[in-house]
Amino acid sequence: SGNITAKFIENSKVRCNGTLMCDAVLHSDVESNGKIAILGKKGLINGGHVRSYTDIAATQLGSTMGISTVVEILSDVDLIKTQNEVGERVEEVTDTLEQINIVLINIKRSIAKGNQITSEQERYLKMAAVKKPKLEKQIADMEAQYSSLQTVIESAKKVSIKVENIVNPGVKIIIKDVARIINDDVSRCRFVLEGADIKILGY
């Protein structure tokens, strides 16, 4: 679904196309195309796997119990591949539509000159009347998909995982296929990808 706002997500599997906002995520598998904000009094991500293509913000990651907690910013390589495929498909369908339009223009010109319409031309006009709207809808849908992918790809360029309070040892941070396990508590920090390393910066 689109944006999700919830109090708690516990022992659940959640997929979100927009922004996800919540007070706590516990032992859950959560994936979002947009930002994830687990803030507020608790603002806790503990247990499970939380991932997004863009920024993730939380008050606290993990717990002193050392339960396996993975917080991940996904690589946008697959998104770019999908977007390129959608772009190519738009071109193909647009070409087909243009070819139909050329034939229709020729038929209309022929009729305008006073020529009798042939049974073949009549069949083509009937086919075009059905096919054209379908192709136009396909193009509109794919262009909308292309545009929404572009939004996600743009927001994935400068991403970070921000933590207002504390990151407990044992939490695994992944940013675009680079992983780092936190061995000591860190607090008020941002995790960013620099080259092939995940750096911990001040909040």
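Let's start with Cys16, which counts as buried at 3% relative accessibility; here buried means under 20% relative accessible area, exposed means over 50%, and partly exposed lies in between, using a 1.4 Å probe and protein chains only. This is a predicted model, in which local features need pLDDT of at least 70 and side-chain atom pairs count only at pLDDT 80 or more, while totals for chains, interfaces and linings use all residues. Residues are numbered from 1 along each chain as its sequence is written, and side-chain values use heavy atoms, with hydrogens and water left out.

**Cysteines**

- A disulfide is a covalent bond between the sulfur atoms of two cysteines.
- The structure holds zero disulfides, where the test is a pair of cysteine sulfur atoms within 2.5 Å.
- Cys16 is in no disulfide, and the nearest cysteine sulfur, which belongs to Cys22, is 11 Å away.
- Cys189 is buried too, with a relative accessible area of 2%.

**The largest pocket**

- Rolling a probe the size of a water molecule over the atoms shows where empty space is left.
- The search uses a 1 Å grid over the protein atoms alone: a cavity is a set of points where a 1.4 Å probe fits but cannot get out, while a pocket is an open set with protein on both sides within 12 Å along at least five of seven lines.
- The largest pocket holds about 160 Å³ of space; grid points are joined across faces, edges and corners, and the volume is the space filled by probe spheres set on the points.
- Its lining, meaning residues with an atom within 4 Å of a point, includes Ala156, Lys157, Ile175, Lys176, Arg190 and Leu201.
- By class, the lining has six nonpolar, one polar and four charged residues; Ala, Val, Leu, Ile, Met, Phe, Trp, Tyr, Cys and Pro count as nonpolar, Asp, Glu, Lys and Arg as charged, and the others, Gly among them, as polar.
- Which strand gives the most to this lining? Strand β11 (residues 186-194) does, with three residues; helices (H or I, at least four residues) and strands (E, at least two) are DSSP runs, numbered from the N terminus.

- Most residues other than glycine have a negative phi, and most peptide bonds are trans.
- Lys176, one of the pocket-lining residues, has a positive phi of about 50° although it is not a glycine.
- Lys176 lies in the loop between β9 (171-175) and β10 (178-181).
- His27 also has a positive phi, near 45°, and its place is in strand β3 (residues 20-32).
- At 37% relative accessibility, His27 counts as partly exposed.

**Along the chain and across space**

- Gly47, in strand β5 (residues 44-52), is buried at 0% relative accessibility.
- Gly47 and Thr69 are 22 residues apart along the chain, and their C-alpha atoms are separated by 4.4 Å.
- Glu10 sits in strand β1 (residues 4-10) and is partly exposed, with a relative accessible area of 45%.
- From Glu10 to Ser28 there are 18 residues in sequence and 5.8 Å in space, C-alpha to C-alpha.
- Helix α1 (residues 77-112) contains Val86, which counts as buried at 8% relative accessibility.
- Val86 and Leu149 are 63 residues apart in sequence and 9.7 Å apart in space, C-alpha to C-alpha.
- Leu97 is found in helix α1 as well, and at 11% relative accessibility Leu97 counts as buried.
- The C-alpha atoms of Leu97 and Ile182, 85 residues apart along the chain, are separated by 55 Å.

**A ring and a charge**

- The charged end of Lys162 sits over the ring of Tyr203, 4.9 Å from its centre; this needs NZ of Lys or CZ of Arg within 6 Å of the ring centre and within 35 degrees of the ring normal.
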